Amino acid sequence: MIMALPITAQRRTTQATLYRNFKPSVITLNDGRKLSQSFTNIFLKNSSLLYLKGEYTMEANMANIVAVDFDDRSYIKIGEQLAYVVDTLGNNGLYCVELFDKESYERNLKNNVNISSLDLGDQISMSTIDMNNEEDYKLPVFRHYYFLLNGEFVKVHERELGRKISKEQRTMMKRIIGMPDFSWQSEESLKTLLKALIQQ
């Protein structure tokens, strides 16, 4: 289930991949084998692994992948998506999946086109003015957070978490999310929440 996205993207990009250039990574497979690949990237459409095969960009079979390590980030697979490690606390952790929202992008571009004249004579004709600027043509990228709690991944969302935690933990969660500086999109806020939950 996909939760409702926030109104504004966390960042915008002109590319459909996480890294501008494909770069080396070490891929851990289901059977425990580790493969080194020279040219890999993360596809922001679905957070899957891309690799180069000759001059072709290929999408990896995510069913075979457990984790991917780049020089700057480590990813593990949650569902069929790669999530990077934000922070770990013992056996628990905070993870993030970055995805661009194609529907939001296309809707925003359409909303910025104004009809300047409309002729309803024998044939309908109209003129439009494109009000989009350079920033509008960048893809909006949203962050989706997950907690690893007691061996299970849970989407970081009040309703989703509420189903998985104890009554005492729910009381603690309400106290923390009621704080004036708490934000569901702040990694520091989420780290504080995770720490409080696992101490209950």
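What follows is a walk through the chain, stop by stop, with something to select at each one.

**Before you start**

This is a predicted model, so local features are described where pLDDT is at least 70 and side-chain atom pairs count only at pLDDT 80 or more, while totals for chains, interfaces and linings use all residues. Residues are numbered from 1 along each chain as its sequence is written, and side-chain values use heavy atoms, with hydrogens and water left out.

**Stop 1: the whole chain**

Colour by secondary structure: the chain has 4 helices and 13 strands. Helices (H or I, at least four residues) and strands (E, at least two) are DSSP runs, numbered from the N terminus. Of the 200 residues, 38% are buried; buried means under 20% relative accessible area, exposed means over 50%, and partly exposed lies in between (1.4 Å probe, protein chains only). Take the contacts between residues at least 6 apart in sequence: 54% of them join residues at least 24 apart. A contact here is heavy atoms within 4.5 Å.

**Stop 2: helix 4**

Select residues 187-199, which make up helix 4. Its 13 residues should span 18 Å at 1.5 Å a residue, and the end C-alpha atoms are 18 Å apart, which agrees. (The expected span is 1.5 Å times one less than the number of residues.)

Now show side chains for Ser189, Leu190, Leu193, Leu194, Ala196 and Leu197: these are buried. Look down the axis of helix 4 and the buried residues fall within an arc of 165 degrees, so they line one face of the helix. The arc is that of the directions from the helix axis to the C-beta atoms. On the face turned away from that buried side, you'll find the exposed residues Glu188 and Gln199. What do the buried residues of helix 4 pack against? They pack against strand 8 (81-89), strand 9 (92-100), strand 12 (139-149), helix 2 (158-164) and helix 3 (167-177).

**Stop 3: helix 3**

Hop over to helix 3, where Gln169, Met172, Met173, Ile176 and Ile177 are buried. Seen down the axis of helix 3, the buried residues fall within an arc of 125 degrees, so here too they line one face. Lys167, Lys174 and Arg175 are exposed on the other side of helix 3. The buried residues of helix 3 pack against helix 2 and helix 4.

**Stop 4**

Zoom in on Leu49: leaving aside neighbours within four places in sequence, its contacts include Ile27, Met58, Ile65, Val68, Phe70 and Leu82.

**Stop 5: the hairpins**

Two strands pair if DSSP finds at least two bridges between them. Start with strand 4 (residues 48-53) and strand 5 (residues 56-59), which run antiparallel and are joined by 4 bridges. Lys53 stands opposite Tyr56, and Gly54 in this hairpin takes a positive phi near 65 degrees.

Next, strand 7 (residues 74-78) runs antiparallel to strand 8, with 4 bridges joining them. Tyr75 has Tyr84 in strand 8 as its bridge partner, and Gly79 in the hairpin takes a positive phi near 65 degrees. Strand 8 then pairs with strand 9 in the antiparallel sense over 5 bridges. For that hairpin, click Gly90 in the turn, which has a positive phi of about 65 degrees.

**Stop 6**

A polar contact of 2.8 Å joins its side chain to that of Asp71. (That's a pair of N or O atoms within 3.5 Å; within protein, one must be able to donate a hydrogen and the other to accept it, and residues adjacent in sequence count only if both atoms are side-chain atoms.)

Finish at Asp69 in strand 6, which is partly exposed at 29% relative accessible area. The side chains of Asp69 and Ser74 make a polar contact of 2.7 Å.
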